[in-house]
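Please have the sequence and the structure open while reading.

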Amino acid sequence: MADRRRATHDALVVCPPGLEELVAVELGGLGVRRSRVQKGGVTCGLTTRQLYAANMFLRCATRVLVRAATFTVRTFADLERRLGEVDWSEWLDGTTNLRFRVTTRRSVLWHDSAIEERFMAALPAGETDSQGQLVVVRAVKDRFVVSIDSSGVPLHQRGWRLDQAKAPLRESVAAGLLAACDWDPATTLVDPMCGSGTIAIEAATIAAGRAPGAERTFCFQDWPGFQPGTWASVTADASVSDTCELRQPMIIAADRDAGAIESAKANAERAGVANMIDFRQAPISALSSVADVGSPGHLVTNPPWGERLSPGGDLRNLYATLGRVGNEHLTGWGLGLLVADRDLARQVRPGLSEVLHLELGGRHAWLLTGRFG
Ligand SMILES: C[S@@+](CC[C@H](N)C(=O)[O-])C[C@H]1O[C@@H](n2cnc3c(N)ncnc32)[C@H](O)[C@@H]1O
């Protein structure tokens, strides 16, 4: 029988809006030559090895979708006919349970459930199941793009962040902040408002050379076209980077809230990096104590944002205290602040640069960077 496995996959790497350029750089690091950035993702051609490696190694992505079919249809009869022409055998074996995410815009066929019914009837599949293989269907002006998810559980869920404090960041966003701040993994990092510890733990796993996907599975491993030999070489690469000599930076994670420090510690234990992080229950007014770590490092943090419209005076005081203590004791240190209110951030230091503009949970946020002093 002819080998119908694809040499390249037309892929869309989905990410939080604002991290696209960082994902494109990460893809370049995996040897992906041409990629195109669009809002909320990066399109590219991936070899099978790169598809597996993207799932294993991308830190800023949410999932990797593989394009299965593209066509223009205006009737259900045409939709059924086009679906019947697609060779699904690489992804579906007739028993796979499926779930669908259908969106339509300015299309004659717009009824999501009716479209899903036609897909369920035409695809070789088991049943619909909320945990099943995700099929993404997007129709814009009658042009349908049908994609198969290769990731499964979103890639930012590395498996260690089970304890949550208030307003936790996605691990992918923490990785994006660290990359955009140009934090060098050999140097000191401080998050004085660490909550559940996401920034500090992500940093420690980077310094330890731990692949973000090393502790989890992906849904491409269940595809009929899965190539175990190719996957074995990707996992071998992941364990090589894990055994690299550790660059032991000093990482300090502090929060005034005892519960936050408890959850950060539990998460760090699960990630296997608890011994790389110095946890301190302390308010930012005590930040001066980190100054004794020696040469300047980076302070990267996600302070509380407060309400959408009117930040209270407490929040102004908090940002001003961060500025006062940082400028006094951390002269020369790099600063990365994830904020929703750029005016409030001026309380820390004027003249910070806007490095990222993100959309997180429907809210705009900015990474501002600069230097204390
Ligand atoms: C938005 S949360 C940080 C979330 C964190 N990045 C994560 O992923 O879980 C802000 C944190 O700042 C802490 N915080 C607020 N005021 C503080 C202060 N004066 N000193 C230290 N921590 C403070 C809160 O306890 C909270 O955990």
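In this predicted model, 40 residues line the largest pocket, and K166, A167, N302, P303 and P304 lie nearest its centre. Two or more lining residues come from each of α6 (198–207), α8 (258–271), α9 (313–329) and β13 (353–360). The ligand takes up the space of this largest pocket.

**The largest pocket**

- The volume of the largest pocket is about 1000 Å³.
- Helix α9 contributes the most to the lining of the largest pocket, namely four residues.
- Sorted by class, the lining of the largest pocket comprises 21 nonpolar, eleven polar and eight charged residues.

**The shell around the ligand**

- The ligand is surrounded by 19 residues.
- The closest of these residues are L169, S196, T198, D255 and I284.
- By class, the shell around the ligand is made up of eleven nonpolar, four polar and four charged residues.

**Polar contacts of the ligand**

- D255, one of the closest residues to the ligand, has a side-chain N or O atom 2.6 Å from an oxygen atom of the ligand.
- R256 takes part through its backbone: a polar backbone atom of R256 is 3.3 Å from a nitrogen atom of the ligand.
- N302, which is among the residues nearest the centre of the largest pocket, has an N or O atom in its side chain at 3.1 Å from a nitrogen atom of the ligand.
- On its own the ligand has 610 Å² of accessible area, and the protein covers 93% of that area.

**The cavity**

- How many cavities of 30 Å³ or more does the structure hold? There is one.
- The largest cavity has a volume of about 40 Å³.
- Eleven residues line the largest cavity, and those closest to its centre are H9, T48, Y52, E90 and G225.
- Helix α2 (residues 48–57) supplies the largest share of the lining of the largest cavity, with three residues.
- The lining of the largest cavity consists of four nonpolar, four polar and three charged residues.

Notes:
Residues numbered from 1 in each chain as written. Predicted model: local features only at pLDDT ≥ 70, side-chain atom pairs only at ≥ 80, totals over all residues. Heavy atoms only, no water. Near = heavy atom within 4 Å. Polar contact = N/O pair within 3.5 Å; in protein donor to acceptor, adjacent residues only side chain to side chain. Areas by Shrake-Rupley, 256 points an atom, 1.4 Å probe, with all protein chains shown as cover. 1 Å grid on protein atoms, 1.4 Å probe; cavity = no way out; pocket = protein on both sides within 12 Å on 5 of 7 lines; lining within 4 Å. Sits in = over half its atoms within 2 Å of the grid points. Nonpolar A, V, L, I, M, F, W, Y, C, P; charged D, E, K, R; others polar. Points joined across faces, edges and corners; volume = space filled by probe spheres on them.
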